[in-house]
Amino acid sequence: MENSLTEKTDARLDELRARQAQAQSGGGQARIDQQHAKGKLTARERIAALLDPDTFEELQPFVLQHCEDANAIHGDGAVTGFGQIDGRNVCVYAQDFTVYGGSVSLTHARKITQLQDLALRNGLPIVGLFDSGGARIQEGVTSLHGYGEIFCGNVIASGVVPQISVMMGPCAGGAAYSPALTDFIIMVDKTSTMYITGPDVIKSVNGGTIVDHESLGGARVHASISGVAHFIAEDEAYALGLVRRLLSYLPANNAESPPRLPPDDVMAPANLAYLNTLVPDDPNVPYDMRMVLDGVVDRGSFFEVHAGWARNALVGFARMAGQAVGIVAQQPLEKAGVIDIDASDKIARFVRFCDAFNLPLITFVDSPGFLPGAMQEHGGIIRHGAKIIYAYVAATVPKISVVTRKAYGGAYIVMSSKAIGADLHLAWPSAEIAVMGPEAAVNVLNRREIAADADPAGRRAALVQDYRKTHATPYYAAERGILDNVIEPAQTRATLIAALRVLREQLRPKPPKKHGIMPV
Amino acid sequence: MSVFYVTVHGKQYTVEIPDVRTRPVRAIVDGEVIEVDVAPAPTTAPPPAPAAVAVTAPAPVAAPEIRPTPIPAAPVATAVEEIKAPLPGTVVSISVSVGESVTHGQELCVLEAMKMNNPIRANQAGVIRKIFVTVGQQVQHGAPLMAIEA
């Protein structure tokens with residue numbers, strides 16, 4: 001009696017194992033080999049490379065699109081489940097290109113939306129690994145319905161749990177909107193593409209203009225021109241490494257604080273004294289803002305986001321005495337650090353993200369102003385620039401700003417000034433905080449005086465010098481209390497760490513509303 | 001973060017590299033940040049082993065120099081790449097001549113714009129085929145400055 005029961009159980013286990021093996025093989029060895037030949041890993045290999053070893057728990061591996069179809073493939077082209085990264089729980093899904101080209105059916109989509117629900121209920125980040133030919137055309141419009149359900153999940157999860165998309169193959173048409181709704185897009189160079197209308201459609205509409213996939217929507221285009229991609233990775237392994245590093249700065253959800261490194265793991269910058277002489281005396285000579293960060297944040301902790309796009313602005317994550325923070329800055333080395341349309345979008349988006357996930361914001365200001373020109377005005381710099389103000393004012397995380405050199409006019413006010421809600425607004429002695437540059441100011445204020453002088457050029461130079469001394473300094477603002485302090489550059493790190501210990505979430509009464517209307 | 005101890009001419013330097021896979025590699029040599037160009041690895045190979053990083057001896061000065069910002073790979077490699085003015089401004093100096101070979105990231109000219117001397121750098125290695133501007137010339141946003149042939 002006991003014997004036969006064991007036999008029966010063994011047979012059931014055998015069946016389970018056989019079914020598991022079948023599900024694990026995806027679209028079969030031939031297709032797996034094709035995937036490898038393209039330099040790409042399979043969905044399950046990617047998940048294994050992303051997660052801590054042996055932590056992946058797959059969900060619904062036996063799902064079939066059409067249960068009555070004897071040839072239907074288990075899993076339906078989506079591998080979903082949960083596991084751990086650096087010992088922290090995450091939800092992950094990967095499209096399996098070996099199964100129907102990773103195409104999206106309603107069944108495939110619902111595996112993803114169920115994972116989104118699970119992530120949302122349990123407050124876990126979602127990482128999506130994209131590699132899909134698009135909608136499963138044979139299924140008709142129901143596959144589009146599936147995309148719509150995924151979009152819904154993306155929007156509902158937005159700001160609740162971090163969402164990261166890794167592009168590891170094609171992503172064309174409406175499919176591109178799911179990654180676009182997530183917080184970060186990482187594209188693998190040369191193997192991933194994203195566009196709404198492909199080369200063939202463009203050709204048929206534009207009549208003969210030939211565009212190739214790569215120059216239309218390759219990783220390099222999106223990482224440097226469109227700003228769609230936040231990171232570019234030379235290969236899949238690097239892309240997955242970026243996900244792990246990115247998550248190391250982020251809380252699992254919006255109710256948690258970002259992870260903090262134990263004090264023993266914190267490395268202070270070895271040298272701070274150089275900061276005192278970093279800013280050149282000649283205001284026309286640029287310097288590298290990343291060198292400022294090197295002397296302020298924990299050593300090696302700056303992790304730049306959007307490094308190839310709108311490089312006149314600098315955003316990224318870093319740690320201060322182990323605490324994760326968001327860094328926003330201008331880069332004087334690029335376009336003099338002006339604020340233009342792309343820089344506005346880059347800054348505003350990053351500020352929104354940091355605010356949603358409880359990352360204190362540290363802003364370094366060195367901007368001569370907004371970029372003048374009809375191109376910028378006609379492109380809507382007014383509504384784009386307004387996003388920076390909106391994002392900073394709405395942010396309730398601790399906000400600290402440091403003016404390192406130029407802070408003129410509108411660029412001064414929008415960059416986390418005291419007026420728009422900075423908890424602590426500091427400046428270096430090299431700061432020039434004024435309504436406009438000395439030359440421009442003198443032209444307006446002293447136009448008649450200069451014209452009447454026997455030596456207009458000499459008079460002008462003297463007035464410029466005078467204005468620079470009285471207005472283009474941090475002390476005019478400091479004396480009026482719109483600057484909290486002027487600090488020695490080498491003291492910046494110590495001051496910021498002390499401030500971060502004190503500052504908490506800003507709790508200010510807000511009028512009841514459904515949501516504001518961010519100028520987009 | 002990897003830490004190496006490199007001896008150059010009998011002096012030992014502590015070299016920390018936060019991420020060996022960035023290009024150029026940012027290395028912290030005795031607390032000073034320098035950028036190191038690394039020869040490209042075979043494309044399919046794993047990221048270069050830290051040992052392969054060639055570290056040049058750092059300048060012994062305390063005050064760091066201004067380094068060129070790494071320029072991301074050009075979106076689309078074309079034979080002739082026009083370098084365009086990123087800002088409206090005045091060309092205050094030109095540091096190359098027609099026919100000269102330039103490296104990726106080399107300074108080509110300086111554009112005074114927004115009260116700043118902005119170095120304009122090569123976005124690819126190649127030969128200068130054309131220089132469209134002269135010193136003192138005012139240029140519009142997007143105006144071609146030079147053409148580089150890869």
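Trainee: Which domains does the domain assignment of chain A give?

Mentor: In this predicted model, the assignment gives domain 1 (20–247), domain 2 (263–435 + 472–501) and domain 3 (438–471). The centres of domain 1 of chain A and domain 3 of chain A, taken over C-alpha atoms, are 61 Å apart.

Trainee: What box do the C-alpha atoms of chain A fill?

Mentor: Along the principal axes, the box is roughly 110 × 60 × 45 Å. Chain A has 20 helices and 17 strands, and buried residues account for 50% of its 520 residues.

Trainee: Why is S367(A) counted as buried?

Mentor: The cut-off for a buried residue is 20 or more other C-beta atoms within 10 Å. S367(A) has 30 C-beta neighbours inside 10 Å, so S367(A) counts as buried.

Trainee: Where does S367(A) lie, and which residues does it touch?

Mentor: S367(A) belongs to strand β13 (residues 361–367) of chain A. Leaving out residues up to four places away in sequence, S367(A) touches Q330(A), G337(A), V338(A), I339(A), K406(A), A407(A), A411(A) and M415(A).

Trainee: What separates the C-alpha atoms of S367(A) and P283(A)?

Mentor: They are separated by 11 Å, while the two residues are 84 residues apart along the chain. As for contacts in chain A between residues at least 6 apart in sequence, 72% join residues at least 24 apart.

Trainee: What is the strand order in the open sheet of seven strands?

Mentor: The order is β1-β2-β3-β4-β5-β7-β9 (chain A), and the pairing is mixed.

Trainee: What makes β1 and β9 of chain A edge strands?

Mentor: β1 (57–59) and β9 (231–233) of chain A each pair on one side only. From one strand to the next, the twist averages 20°.

Trainee: How do you know that β4 and β5 of chain A pair?

Mentor: Pairing requires at least two bridges between the strands. Strand β4 (residues 126–130) of chain A and strand β5 (residues 163–167) of chain A share five bridges, so they count as paired, and the sense is parallel. I126(A), for one, has Q163(A) as its bridge partner in β5(A).

Trainee: Which strands does helix α4 of chain A touch as it packs on the sheet?

Mentor: Helix α4 (residues 106–122) of chain A touches β1, β2 (78–85), β3 (88–95) and β4 of chain A. The direction of this helix makes about 25° with that of β2(A).

Trainee: Which strands does helix α10 of chain A lie across?

Mentor: Helix α10 (residues 236–247) of chain A lies across β2, β3, β4, β5, β7 (184–188) and β9 of chain A. Helix α10 of chain A runs at about 160° to β7(A).

Notes:
Residues numbered from 1 in each chain as written. Chains lettered and ligands numbered in written order. Predicted model: local features only at pLDDT ≥ 70, side-chain atom pairs only at ≥ 80, totals over all residues. Helix = DSSP H or I, 4+ residues; strand = E, 2+ residues; numbered from the N terminus. Buried ≥ 20, exposed ≤ 12 C-beta atoms within 10 Å, placed from the backbone. Contact = placed C-beta atoms within 7 Å. Domains from an automatic or database assignment. Axes fitted to C-alpha atoms, helices over the stretch in contact; angles between N-to-C directions.
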